[in-house]
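Take a look at the sequence and the structure below. Then follow the text with the model open beside you.

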There are 2 protein chains.
Amino acid sequence: MKKVAIGVDIGGTNTAIGVVDPEGNVMVKTNIPTPSHGDIDKYISDLSVAINEQIKSVKLLNDEIQVLGIGIGAPNGNYYSGTIEYAPNLSFQGVVHLVKLLRNNFPEMEALALTNDANAAAIGEMIYGGAKGMKNFVMMTLGTGVGSGIVVNGELVYGSDGFAGEIGHTILVAGGRPCGCSALGHLEAYCSAPGMKRTAFELLAHYNDNDSLLADKSYKELDSKMIYDAAVKGDKIALEVFEKTGAWLGEGLANTIHYLSPEAIFLFGGPTAAGDYIFKPTKENMEKHLLPIFKDKVPILKSQLKAGDAAIVGASALVWKELDK
Amino acid sequence: MKKVAIGVDIGGTNTAIGVVDPEGNVMVKTNIPTPSHGDIDKYISDLSVAINEQIKSVKLLNDEIQVLGIGIGAPNGNYYSGTIEYAPNLSFQGVVHLVKLLRNNFPEMEALALTNDANAAAIGEMIYGGAKGMKNFVMMTLGTGVGSGIVVNGELVYGSDGFAGEIGHTILVAGGRPCGCSALGHLEAYCSAPGMKRTAFELLAHYNDNDSLLADKSYKELDSKMIYDAAVKGDKIALEVFEKTGAWLGEGLANTIHYLSPEAIFLFGGPTAAGDYIFKPTKENMEKHLLPIFKDKVPILKSQLKAGDAAIVGASALVWKELDK
């Protein structure tokens, strides 16, 4: 009897569904559109059909397989209530009781739980990845935004209302750049992939540099991968983007250590593919801002979750975490 | 049989020792000097004598009393190891194994534990004060410095090494005022009692104001109580000190909520005696910097620990917390 968990990642445009084994390998997976129609009952029905198809196809591989539960990662997902609340990028209005609605269709599952995507990634790192055995760590997900999941004493920190761990929305530069949430100077406005693009354009303007490899890209075109490629070729603007992003992120991580004194901080997401270009200045600047008692203690590690499957794998980890209680 | 706990507060010049009942009332207390001689064995011996005298005198009041344990609050106190590590304001060198040394003299105690003063205050608030029954809250102690104690899922957050909860040393103003720790722009440099004095002098200089009630005080003379008295009389500089301090503190508390989503934040210490002068601008500015999901959820409350005895009471609370495990 092989026990497995289902991971569901609800994104703005697609919902990914996969069956994950206890080692964190995705056995089968599929995608359905995350609807723009806003009809939650229709979506629950479509999602349930897709989940049942995944269960069927994995049982064709091995009829001894037992599916223990469903873990879901979603923007503004609330673990305590099993709801998605006022998610700006989803078409569902207000508070959606996702776990309750899905439970009607899967009464036999031992675990059915929901959290936000960054928390799911943190649990994934703890169950399958580099944080195995760690009791205190922080996961930072760098992408379109900056998410975070905090683990203290072996448990995800949800706070009083389920929404703790919004490090991306702490203030890094008082009165600085507008964040996607409209407040000023948040870490996300500097350390996300779009944040790096903003830095690149600021630097092009500052140095009036027409020779940079980035100087022939429109604002719409430029992405963090292009900045990395230019840095590898020695482009000064691109190299300075990484230096500055690392300085900002290092400051944010130093603050994080002063709050939580974690054993390690994990970085996940597109910008981490740049390796030392981003890790080195981040580490240097983090160390510079630490109290002596924290210096040289906290490694910054690359997430061991595989990029393509991480969201499904992270969500599925919720199932093992639930059953471990 | 009445059960009681001993609280020991190790300060830079004095060590306060008291016996505390389960309601948080100090039954007897005394002081011994915290030595400048750096001889830890001599200090342990003096401290043990003083503790035994307190036990004797409380048993004279009621010979049915049973002393369950000793809780200690100390700068750089490490709960995990029971050590005081490199405390800048104490004469003991390096790492001092306080709990181990004291345990030799009190083998019969059911609990003997140590933490830093702000953590002790947080546990005191949870055991005896306004945080009774709360599972997620933050305690900020405003005084010569700014300390903090974080409670998540009903447990003090010590982090991987025992030193978590240094919110006073998170960066509030990048490149700003030097902090006591020598780094720039920390919350402590703005929101401590000396931080308020620094703000007052900056404002006097900025407005070139010779008519302020604060204009006839030397830098050495001025303290936060004088700023409060001047504010009550309508002094513009003093009022602006509170506005600015509240703006900075509110920003720091907003960051704290984005990390931890606590049920409440407690403020303790001298500056909180100013009541609305400090609470109102802090609350207003905190709310301004919160994501919509956190708005109007988190009250800022005054600590219910009595100012004079808070350090002893907080330290003694460690005993109940230990026995509760």
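What follows goes from domains to chains and then to pairs of helices.

Keep in mind that this is a predicted model. Start with chain A. Chain A splits into domain 1, residues 3-129 + 308-323, and domain 2, residues 137-302. Domain 1 of chain A puts 14 residues into the contact, and domain 2 of chain A puts in 13. Which helix supplies the largest share of the domain 1 side? Helix α3 (residues 117-127) of chain A does, with 8 residues. By class, the domain 1 side that touches domain 2 in chain A holds 8 nonpolar, 4 polar and 2 charged residues.

Now bring in chain B. The contact between the chains takes 33 residues from chain A and 33 residues from chain B. On the chain A side, helix α7 (residues 236-260) gives the most, with 5 residues. The side of chain A that touches chain B counts 16 nonpolar, 10 polar and 7 charged residues.

How are the two copies related? In general, two copies of a chain are related by a rotation about an axis and a shift along it.

Next come the helix pairs. Two packed helices are described by the angle between their axes and the distance between the axes. Stay in chain A and go back to α7(A). Helix α6 (residues 224-232) of chain A packs on α7(A) at an angle of about 115°, and the axes are 7 Å apart. Angles of 65 to 115 degrees count as roughly perpendicular, so α6(A) is roughly perpendicular to α7(A). The crossing of α6(A) past α7(A) is left-handed. From α6(A), the contact uses Ile227(A), Ala230(A) and Ala231(A); from α7(A), it uses Ala238(A), Leu239(A), Val241(A) and Phe242(A). This contact of α6(A) with α7(A) has 7 nonpolar residues, no polar and no charged ones.

Move to chain B. Helix α7 (residues 236-260) of chain B and helix α8 (residues 276-288) of chain B cross at roughly 45°, and their axes come within 7 Å. That angle makes α7(B) oblique to α8(B). Their crossing is right-handed. Among the contact residues are Phe242(B), Leu249(B) and Leu253(B) of α7(B), and Tyr277(B), Ile278(B) and Met286(B) of α8(B). By class, the contact of α7(B) with α8(B) has 9 nonpolar, 5 polar and 5 charged residues.

One pair remains. Helix α1 (residues 40-61) of chain B packs with helix α2 (residues 98-105) of chain B at about 50°, with axes 10 Å apart. So α1(B) and α2(B) are oblique to each other. The crossing of α1(B) and α2(B) is right-handed. Ile40(B), Ile44(B) and Ser48(B) of α1(B) meet Leu101(B), Leu102(B) and Asn105(B) of α2(B). The residues of this α1(B) and α2(B) contact divide into 4 nonpolar, 2 polar and no charged.

Note on methods. Residues are numbered from 1 along each chain as its sequence is written. Chains are lettered from A and ligands numbered from 1 in the order in which they are written. This is a predicted model: local features need pLDDT of at least 70, side-chain atom pairs count only at pLDDT 80 or more; totals for chains, interfaces and linings use all residues. Domain bounds come from an automatic or database domain assignment. Two residues are in contact if their C-beta atoms, placed from the backbone, lie within 7 Å. Helices (H or I, at least four residues) and strands (E, at least two) are DSSP runs, numbered from the N terminus. Ala, Val, Leu, Ile, Met, Phe, Trp, Tyr, Cys and Pro count as nonpolar, Asp, Glu, Lys and Arg as charged, and the others, Gly among them, as polar. Axes are lines fitted to C-alpha atoms, for helices over the stretch in contact, and angles run from 0 to 180 degrees between N-to-C directions. Angles under 35 degrees count as roughly parallel, over 145 as roughly antiparallel, 65 to 115 as roughly perpendicular and the rest as oblique. A crossing is left-handed if the near helix is turned anticlockwise from the far one by less than a right angle, and right-handed if clockwise.
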